[in-house]
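This briefing looks at one helix and its surroundings, and then turns to the chain as a whole. Please keep the structure open while reading.

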Amino acid sequence: MYRLSLRKLIVGFSRFNYTKMSTKSALVLVAEGSEEMECIISVDVLRRGGVNVTLAGLEGNRPTKCSRDVVVVPDKSMEEAIKGGPYDAIVLPGGMGGSKSFAASSTLGKILKEQEECGKIVAAICAAPTALKAHGIGLGKCVTCYPGLEKELLDCYKFSEDKVVVDGNIITSRGPGTAFDFGLALVEKLVGKDKSSSVKKELLL
């Protein structure tokens, strides 16, 4: 009886590990001046969708003050988080301050380029699509962004005013008010439409 119980325990543990390993993963980045709604809603919706999310700080794992003075504590630094990759999606929240920092980071640029070359998802919302342009990501694809910033993108991208635009592995969205739509589009792309619809229903959207 003891041996049988132990064997069941081992089998169950193995199945648990397999489930964890097969879970889709996403890396959400945050920097000083990032838009907190876009950051937190993306993380929240993805986790509700069963995606294993790591919230990483561009400048380290210290508490990060966002655009409306909300302080967010990353799980890890970006450098530390990358060691746990690759990720099925890399997500950049907007906010002008954070987006400018994303655009200026050569390390992030290299990570995004590798992500794109592997055919994995690169997602950006609000002002963050300008960081995609800075690093030459998704050039020629259809994107959207915060109203007024499209003039910075028109020379390299097709533009849409849709709340969320999915063009291959590039996903973009407009701003804080479209953050739920953005998160749900990511869940649909990573996990499937049924799961995205289930999360949407639970959120009463």
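Predicted model: local features only at pLDDT ≥ 70, side-chain atom pairs only at ≥ 80, totals over all residues.

**Helix α5 and its setting**

*Buried side of α5*

- The buried residues of α5 are Leu108, Gly109, Ile111, Leu112 and Gln115.
- Because these buried residues fall within an arc of 165° when α5 is seen down its axis, they line one face of the helix.
- The packing partners of the buried residues of α5 include the strands β1 (25–30), β6 (89–92) and β7 (121–125), and also among them are the helices α3 (78–82), α4 (96–104) and α6 (129–134).

*Geometry of α5*

- Helix α5 covers residues 106–117, and since its 12 residues should span 16 Å at 1.5 Å a residue, the distance of 16 Å between its end C-alpha atoms agrees with that expectation.
- Just after α5, Gly119 adopts a positive phi of about 75°.

*The chain as a whole*

- The chain contains eight helices and 11 strands, and 47% of its 205 residues count as buried.
- Among the contacts in the chain with a separation of 6 or more, 63% are accounted for by residues 24 or more positions apart.
- The accessible surface of the chain comes to about 10600 Å², and carbon and sulfur atoms account for 55% of that surface.

Technical notes: Residues numbered from 1 in each chain as written. Heavy atoms only, no water. Helix = DSSP H or I, 4+ residues; strand = E, 2+ residues; numbered from the N terminus. Expected span 1.5 Å × (residues − 1). Buried < 20%, exposed > 50% of the residue type's maximum accessible area, 1.4 Å probe, protein only. Arc of directions from axis to C-beta. Contact = heavy atoms within 4.5 Å. Areas by Shrake-Rupley, 256 points an atom, 1.4 Å probe, with all protein chains shown as cover.
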